[in-house]
Amino acid sequence: MQIEPITEIDVYRATLAACVKAEASEQTQLAQVLRAWVDASPFGGCPACDGRAPWRNEPQCQTCAGDGFLPVAKINPPADRFDRLCGCALIDIWPSEEARFRIWTIAYQQDYKRKVVNNGRQVIPDVDCQKCGGTGEISAT
Ligand SMILES: [Zn+2]
Ligand SMILES: [Zn+2]
């Protein structure tokens, strides 16, 4: 079965709650389906409170607003240089690589480009680009 990851935090929260309930009530098959869904979705435990419920009188966690989880993108902001490349930047691809690209799928090409860029491959920015100021990289915010 192909599992579609959950991207909406509200949907994830509801699915997780249903999953915990199904597990607690021994609805094993339902719990399995829901658990697979939860596990396939890009959310993870909140690093600030570790997913722990607040003590009585303790204010709820500021980082996750009491959910105990966060979108993975917020937990690990991309350290990936490839992800920070500006749309204007051209990757310096060698002719020998270009020849191989012709028989590769787009996804495979993207993986390869990510690898070479993160390994320090030169990129050629548009020096007049307003978005990145001509550096080819957009600084992570
Ligand atoms: Zn938290
Ligand atoms: Zn740019």
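A quick definition to start: a residue counts as buried if 20 or more other C-beta atoms lie within 10 Å of its own, exposed if 12 or fewer, and partly exposed in between, with C-beta atoms placed from the backbone. Gly134 has 13 C-beta neighbours inside 10 Å, so that residue is partly exposed.

Okay, some housekeeping. What we're looking at is a predicted model, where local features need pLDDT of at least 70, side-chain atom pairs count only at pLDDT 80 or more, and totals for chains, interfaces and linings use all residues. Residues are numbered from 1 along each chain as its sequence is written, while chains are lettered from A and ligands numbered from 1 in the order in which they are written.

Let's stay with Gly134 for a moment. You'll find it in the segment after strand E4, which is 123-124; helices (H or I, at least four residues) and strands (E, at least two) are DSSP runs, numbered from the N terminus. Skipping neighbours within four places in sequence, Gly134 is in contact with Pro125, Val127, Asp128 and Cys129. Contact here means that the two C-beta atoms, placed from the backbone, lie within 7 Å.

Now helix H1, residues 9-24. H1 has 16 residues and reaches 22 Å from first C-alpha to last, close to the 22 Å expected at 1.5 Å a residue. That expected span is 1.5 Å times one less than the number of residues.

So which residues of H1 are buried? Tyr12, Leu16 and Cys19 are. They cover an arc of only 60 degrees around the axis, which puts them on the same side of H1; the arc is that of the directions from the helix axis to the C-beta atoms.

What do the buried residues of H1 pack against? Helix H2 (28-40) and strand E1 (43-45). Looking at the H2 part, the two helix axes come within 8 Å and cross at roughly 145 degrees. Those axes are lines fitted to C-alpha atoms, for helices over the stretch in contact, and angles run from 0 to 180 degrees between N-to-C directions. On the H1 side the contact is made by Thr15, Leu16, Ala18, Cys19, Ala22 and Glu23, and on the H2 side by Leu30, Ala31, Leu34, Arg35, Trp37 and Val38. Sort these residues and you get 9 nonpolar, 1 polar and 2 charged. For that sorting, Ala, Val, Leu, Ile, Met, Phe, Trp, Tyr, Cys and Pro count as nonpolar, Asp, Glu, Lys and Arg as charged, and the others, Gly among them, as polar.

Most residues other than glycine have a negative phi. Glu26, in the loop between H1 and H2, has a positive phi of about 60 degrees although it is not a glycine. Glu26 is exposed, with 8 other C-beta atoms within 10 Å. Ala65 also isn't a glycine, and its phi is positive at about 55 degrees. Ala65 sits in the loop between E1 and E2, and it is exposed, with 11 other C-beta atoms within 10 Å.

Last stop: Thr63, in the loop between E1 and strand E2 (69-71). Thr63 is partly exposed, with 15 other C-beta atoms within 10 Å. Not counting residues up to four places away in sequence, Thr63 touches Cys46, Ala48, Cys49 and Leu70.
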